[in-house]
Amino acid sequence: MGISSRVMECRSLASLGAILFFGLLVTSVCAEPMLWYTTPAAKWSEALPIGNGRMGAMVFGTERQNRIQFNEYTVWRGRPHSYARPNAGKFLPEIRRLVKEGKQKEAAALANKEFMGDPIRQKAYQPCGDLWITFPSVTSNSVSKYRRDLDLQTGVVRSVFSSAELVYEQETFAPYTRPGLLVHRIVAGRPGALSCDVEWTTPHRIHTSQANADGWMQVNGKVEEDGVAFVIKGIVRAHGANARITADTRLHVSGADSIELIWTASTNVESWKKLGGNPQESVNRTLDEIVAVPFATMRDDHIKAHRALFDRVVLELPSTEHSASPTDERLAHYGRGETDPDFVKLVFQFGRYLLIGCSRADGQPATLQGIWNDLLNPPWESKYTCNINTEMNYWPAEVTALPECHEALFRALPALAESGAETARIYYGCRGWVCHHNFDMWRGTTPVDGAAWGLWPMSSGWMSLHLWEHYLYSQDRAFLRDTAWPLMKGAARFYADFLIEDEKTHWLVTCPSMSPEHGGLVSGPTMDCQIIRSLFRACIETTQILGIDADFAKELAQKVVRLPPNQVGKHGQLQEWMDDRDDPKNQHRHFSHLWGVYPGADITWRDSPKEFQGARQSLIYRGDAATGWSMGWKVNEWARFLDGDHAATILSNLLTPVGTKKGVSGGLYRNLFDAHPPFQIDGNFGATAGIAEMLLQSHLRDDKGRWMIHLLPALPKAWNTGKVTGLRARGGFTVDIVWRDGHVTDYRVVSAKPTEYLLRIGQEERIEKSREAGK
């Protein structure tokens, strides 16, 4: 009878309005999502993160000497320069010849010698400094009643403990309303009882510092002699009739009721192409603007702005006896296979919290570690690895209602296109722009690191598709016309020039390229074809929507049909390469040929069932254990395979204390940071996106162009009852879902104007029309 009678009954109830939906149908109380602990952080991977897109910090909450390590988004090694080798292009024909002849080692050797960027390694994101707060009267054996927590809904880190009958309460936050700042407050339990020493430091060798009794302290530093220069400046505001500040190399506070520490940092970076800014003027201006602003005003403004984003999506899953336990204990319970669906909700919202903290419109894109890094020599330079990791950072942005967080990536793309146009011209003799598997603050787009990793010219296509995805979710034609189209067109133009005809099949293929980090240099790996096919089709549709560039669309249409198709090989697998040479025993962390299942839609259960089953078999061969980020990707893949229990199995491997489960290299640290290991933030974002994908999918359209909104496509048995509100679907829709005993009991689909869509619940489908937002 179409959609089940149970849903139809609840739909009639839903017509009574939003009060009924949120009140009577779901009786569970929404607890604030919070990470909390009964011990301080013993190391960086246990500290709690805050951020506002320009400043990020890790709060340790240590009793006697609290440490707050912080970053500023433009503190990087290096300086503006071009990575391009002027004569690299003349070696392309020979590299291609060697690849075509199957001489992978020789092709790689030549590419390593003549075709890599100069220098071969890109530059590293750097720590900025540390704030140290020492309480001389506190000793470790005098501390009791310790607790620290991070309230994801407010973005405030808090610690409380008692020592010698005095209660110390501290709060830290990074206000986006004042994005150059970090704020920390300390309150003692008795008037006049607070005394402490305060010092800002930097790990960089080249620096000077000074402090004065007016409560100011400043650190001037350089990352390298001719590179990025920075200034850290902070103020201590002491309150109380007997409060006093003195200074030597540090600031000393005594007799205070409470104090506030407010600090900022800035660099001489003007842009990816220019140094020369005045960080002293910047920090002075930032602090002058807030010196008289009350702490309560800063805190309230921060929470209001944070919740304006965070509160858009609410997820409720069943609670258990573990739900009231400290976060590290919950992680251990979940890793042992003990039931705690509410912990999944915490991990989901933590991913959204991290994206809000590390990627904002006026900042840099999220690096491999977001905006957080304490090491001078971080793993993989803590930069942008865009053969999956950078893109994965933004998988939750649209579906979990944080499109503003996507803007940092979009703002970086014009610079990459400018640099990438130079790379396209010098290396390949092509129009348009290209980016390979990495970029950094200085927007290097050439191959780097070595041919086995770097000679993959596809990230420009993949990142351009993020622009298209933003349009699909927002339906913002002005964005599509003004921001997305020039970048999408430039990326597509490069591939239109770069493709060459395979002599055996006559398909148009990429060469040289690779399946990322796997299998060596080849022609036409499956992932390349999926990305180019998706980009060309998106460009063709864009020209139709905007009524422009018909000739270019015709060129792309002629080439897209000549790309190698997805192929199923002798093991029943989706082939990773044009040749049928997959090893079913190989469990490599990358499974790039499944890009067409997720995040792409080149292979779907409806339109390409044979290839869909082949892709599923490939993922089975890859196994359930992997690095952290790889498991985050697998959650999304199994959701697209409509297998919620298998997706939940991957989640159980990912949501495990790192190093505790046999055969699983990844997991989570105590502060829920994802472990490759070491820390890589993309696994957090992959998990959040995957949980959303288990609850809602919208990547298919019917023959009339209506979007399919698929409710609970991959719901695991463990999540048999729950509610989610505020998820976004392609086509400009916002979706709320309530379910009980594994069945949808109510739903709401709204959009800017009433719009038809194809509703799918279980195996049943029908056409419906969305409600108008606000009505």
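Me: Where is Glu517 in the chain?
Reply: In this predicted model, Glu517 sits in the loop between strand S24 (513-515) and S25. S25 itself covers residues 518-522.

Me: What is the phi of Glu517?
Reply: Glu517 has a positive phi of about 60°, although it is not a glycine. For context, most residues other than glycine have a negative phi.

Me: Is Glu517 buried or exposed?
Reply: Glu517 has a relative accessible area of 19%, so it counts as buried, for which the cut-off is under 20%.

Me: And what about the phi of Glu381?
Reply: Phi of Glu381 is near 65°, again a positive value in a residue other than glycine. Glu381 is placed in the loop between H8 and S20, and with 13% relative accessibility it counts as buried.

Me: Moving to peptide bonds, which one is cis at Pro119?
Reply: The bond from Asp118 to Pro119 is cis, with omega near 5°. Pro119 belongs to the loop between helix H4 (104-114) and strand S5 (129-134).

Me: Which residue is joined to Pro677 by a cis bond?
Reply: That residue is His676, and omega for the bond is about -10°. Pro677 is found in the loop between strand S27 (674-675) and H20. As background, most peptide bonds are trans.

Me: Now pockets. What is the volume of the largest one?
Reply: The largest pocket has a volume of about 820 Å³. Its lining is made by 36 residues, and Trp468, Glu469, Leu472, Gly600 and Ala601 lie nearest its centre.

Me: Which elements give two or more residues to that lining?
Reply: They are helix H10 (395-399), helix H13 (459-474), helix H15 (526-546) and helix H20 (682-695). H13 gives the most, with 7 residues.

Me: How many of the residues in that lining are charged?
Reply: The lining of the largest pocket has 12 charged residues, together with 17 nonpolar and 7 polar ones.

Me: What about the second largest pocket, which residues lie nearest its centre?
Reply: Lys100, Asp502, Ser523, Met578 and Asp579 lie nearest the centre of the second largest pocket, out of 22 lining residues. Helix H3 (92-100), strand S22 (500-501) and strand S25 (518-522) each give two or more residues to this lining. The volume of this pocket is about 510 Å³, and its lining divides into 9 nonpolar, 5 polar and 8 charged residues.

Me: How many cavities does the structure hold?
Reply: There are 4 cavities of 30 Å³ or more. The largest cavity has a volume of about 110 Å³. Of the 13 residues that line the largest cavity, Gly51, Ala174, His302, His306 and Ile356 lie nearest its centre. Strand S2 (48-51), helix H6 (295-310) and helix H8 (341-358) are the elements that give two or more residues to that lining. By class, the lining has 6 nonpolar, 6 polar and 1 charged residues.

Me: And what lines the second largest cavity?
Reply: Its lining includes Gly524, Pro525, Arg533, Trp577 and Met578. The second largest cavity has a volume of about 60 Å³. Met578 is also among the residues nearest the centre of the second largest pocket.

Me: Changing topic, how many aromatic pairs are there?
Reply: A search of the whole structure finds 33 aromatic pairs. One of them joins Trp76 and Tyr384, whose ring centres are 5.8 Å apart with planes at 25°.

Me: Why is that pair called stacked?
Reply: Planes under 30 degrees apart count as stacked, and the planes of Trp76 and Tyr384 are at 25°, so the pair is stacked. Trp76 is in the loop between strand S4 (65-72) and H3, while Tyr384 is in strand S20 (residues 384-385), 308 residues apart. Trp76 counts as buried at 0% relative accessibility, and Tyr384 counts as buried at 0%.

Me: Which other ring does Tyr384 pair with?
Reply: Tyr384 also forms a stacked pair with Phe439, at 4.4 Å centre to centre and 10° between the planes. Phe439 lies in strand S21 (residues 438-439), 55 residues from Tyr384. Phe439 counts as buried at 0% relative accessibility.

Me: Last one: what does the side chain of Arg728 make a polar contact with?
Reply: The partner is the side chain of Glu398, at 2.8 Å. Arg728 is in strand S30 (residues 722-729) and counts as buried at 13% relative accessibility. Beyond its neighbours within four places in sequence, Arg728 is in contact with residues including Tyr473, Leu696 and Phe733.

Note on methods
Residues are numbered from 1 along each chain as its sequence is written. This is a predicted model: local features need pLDDT of at least 70, side-chain atom pairs count only at pLDDT 80 or more; totals for chains, interfaces and linings use all residues. Side-chain values use heavy atoms; hydrogens and water are left out. On a 1 Å grid over the protein atoms alone, a cavity is a set of points where a 1.4 Å probe fits but cannot get out, and a pocket is an open set with protein on both sides within 12 Å along at least five of seven lines; lining residues have an atom within 4 Å of a point. Grid points are joined across faces, edges and corners, and a volume is the space filled by probe spheres set on the points. Helices (H or I, at least four residues) and strands (E, at least two) are DSSP runs, numbered from the N terminus. Ala, Val, Leu, Ile, Met, Phe, Trp, Tyr, Cys and Pro count as nonpolar, Asp, Glu, Lys and Arg as charged, and the others, Gly among them, as polar. Buried means under 20% relative accessible area, exposed over 50%, partly exposed in between (1.4 Å probe, protein chains only). A polar contact is a pair of N or O atoms within 3.5 Å; within protein, one must be able to donate a hydrogen and the other to accept it, and residues adjacent in sequence count only if both atoms are side-chain atoms. Contact means heavy atoms within 4.5 Å. Rings of Phe, Tyr and Trp (its six-membered ring) pair if their centres lie within 6.5 Å; planes under 30 degrees apart count as stacked, over 60 as edge-to-face and the rest as tilted.
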